[in-house]
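Good morning, and thank you for the time.

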Protein chains: 2
Amino acid sequence: MTTPCPIIAISGGVGGAKLARGLASVVGASDLMVVANVGDDFEHLGLAICPDIDSLLYGLSERNDEARGWGRRDESWNFMAALAELNGSEAWFNLGDRDLAVHLERTRRLRAGESLSTITSDFARAFGIAARVLPVTDDRLSTIVVTDRGEMPFQQYFVAERCEPKVCDFRFEGAKEARVTPDVAESLRRGAGAIVVCPSNPFISVDPILAVPEFLNLLRGSAAPIVAVSPIVGGMALKGPAAKMLIERGRECSALGIARHYQGLIDGIVIDQVDEYLAEPIRALGIAVSVEATIMKTDSDKTNLARRTLAFSENIRQGKKAE
Amino acid sequence: MTTPCPIIAISGGVGGAKLARGLASVVGASDLMVVANVGDDFEHLGLAICPDIDSLLYGLSERNDEARGWGRRDESWNFMAALAELNGSEAWFNLGDRDLAVHLERTRRLRAGESLSTITSDFARAFGIAARVLPVTDDRLSTIVVTDRGEMPFQQYFVAERCEPKVCDFRFEGAKEARVTPDVAESLRRGAGAIVVCPSNPFISVDPILAVPEFLNLLRGSAAPIVAVSPIVGGMALKGPAAKMLIERGRECSALGIARHYQGLIDGIVIDQVDEYLAEPIRALGIAVSVEATIMKTDSDKTNLARRTLAFSENIRQGKKAE
């Protein structure tokens, strides 16, 4: 069960899943462990919903809907239509008919006392995913968005409120007490070859993972280079509210803002070609920079970015050794 | 909430729902209360499934699939397909994508502490059903089939084992302690105009209802005539395992067998024209007989049978008065 995984990717949902898919093709999926955010997880209609884990499972197994940008391909929405007849107020979160199977089966197994990591591993296997996909923790960890309209659980902010309230801060409930999933801890202790922070939202996808003190300590204790891929390209987020959040938190809405956010943790950052002018200011922070085409539309985009990110990481590792 | 309902129908699922629909057209839906079997209810994948209540809700609101004979019309099966990927062994019970909405919303509300009768009433309203549909009890009542292969819960016998094991007996767990749903008890106490036992399976649809002592006492204390419609026509069940069960229980597989089953409870029985030769032997039991076309294919079949059943009941009531 606990074979060491040379490549550890830290990921949120859709954006992270794209790079994870590229990494899986480059290194051989069985050499990849993806550590997923669980801060967005919530209960809805009595179902345990794990949006980032599911995006990873769908993305890594090509079950994702590329055009829509979330959820499963060949999805149908008859459950939602029927639910709206019975309870219109609970229909704010879209649950596709196929997607429901994952939530329902996960909920059943969690209630039976199984851990989220065991269930997620089984689902990955059932979907033919050779990479390991694991939640950072099996314990409860909930992202709370502190806004100008008060505190709210992440999904309320994200889906019901459409990210409209101004963000003042984030809290990660349960993070301090959360234990790292044993296989994740084991892999980090045995020594990873590279640690990649995927181009996910730093505040709501990566920070909840880093908020687990045991995980952060394991990262800091690892000899592997830690390399991030910027989710901000040309001052804009490719998906989701990362840009809005950077601005509202008083940060620079750029790859430099991302580099500053991770300063002290990462050894290097991959930024897009349009942001090449930011390479020098980022290097001035003591962070190595690689300038690449970072927008992933096709499978070969994903593979190329993954390959270059790993090559960059290897260069840093050689440099570290030489020091 | 507790207006008296002149017509009380006792019903299982699909077959009973057909007559209930006819009764609703004849008497005006708001004068009809359908008391539903809950002995088949079970938990599957963590969902509270009530097959007979759902058949009634779908049948009374024309949401049922006439051609398939069960479930919802315009149904899709993408949830099932996706579930089978994750857990093939739990896919033995068919759950349509639209049907799921009912199970999931009911489960959510039951867990929140609401009663099955409140939830069922709300669902009926949401579906535009003016008749009242109520479980005989809000308490747990489970039909256990005693077979030559051992005891098994009803759904295991019915779906997983395809009714193959030989039936030795039935047990209705919880029936003795079950309290009758308050609105049902209230309506019976205030005085019903007629009590109709729908053409449902006597052993597994009607007997579980009658197994609730409080309900049986209320029936016996009611001045209203009790009239059954035979679910056996020409020695065959129109649907389901009623004929097989009659034979295995050593009963006559005919409308006469049905009359004997209900002897002591019913005042009259409606039998099909093909069974007219059984009218005399049934009358010899002290049960009035009405011979009608009882096969309900179209809406007008349902309405006609309902009208004639109620006229028959009214005749019995007049006769009772005259006695």
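A:Leu45 lies in the loop between β3 (42–44) and β4 (47–49) of chain A; helices (H or I, at least four residues) and strands (E, at least two) are DSSP runs, numbered from the N terminus. Before I continue, this is a predicted model, in which local features need pLDDT of at least 70, side-chain atom pairs count only at pLDDT 80 or more, and totals for chains, interfaces and linings use all residues. Residues are numbered from 1 along each chain as its sequence is written, while chains are lettered from A and ligands numbered from 1 in the order in which they are written.

A:Leu45 has a positive phi of about 55°, although it is not a glycine. Most residues other than glycine have a negative phi. A:Leu45 is buried, with 21 other C-beta atoms within 10 Å. By definition, buried means 20 or more other C-beta atoms within 10 Å of the residue's own, exposed means 12 or fewer, and partly exposed is in between, with C-beta atoms placed from the backbone.

In chain B, B:Glu62 also is not a glycine and has a positive phi of about 55°. Its place is the loop between α2 (51–60) and α3 of chain B. B:Glu62 is partly exposed, with 13 other C-beta atoms within 10 Å.

Let me turn to the sheet. In chain A, 7 strands form an open sheet in the order β5-β2-β1-β9-β10-β13-β14, with parallel pairing; two strands pair if DSSP finds at least two bridges between them. Its edge strands, each pairing on one side only, are β5 (132–135) and β14 (288–292) of chain A.

Within chain A, strands β1 (residues 7–11) and β2 (residues 32–36) run parallel and are joined by 5 bridges. A:Ala9 has A:Val34 in β2(A) as its bridge partner. Beyond its neighbours within four places in sequence, A:Ala9 is in contact (C-beta atoms, placed from the backbone, within 7 Å) with residues including A:Leu19, A:Leu32 and A:Cys198.

How do the two chains meet? Here 22 residues of chain B are in contact with 22 residues of chain A. On the side of chain B that touches chain A, the elements giving two or more residues are α3 (78–86), α4 (97–111) and α5 (116–126) of chain B. The largest share of that side, 10 residues, comes from α4(B). Thank you; I welcome any discussion.

Conventions:
Two residues are in contact if their C-beta atoms, placed from the backbone, lie within 7 Å.
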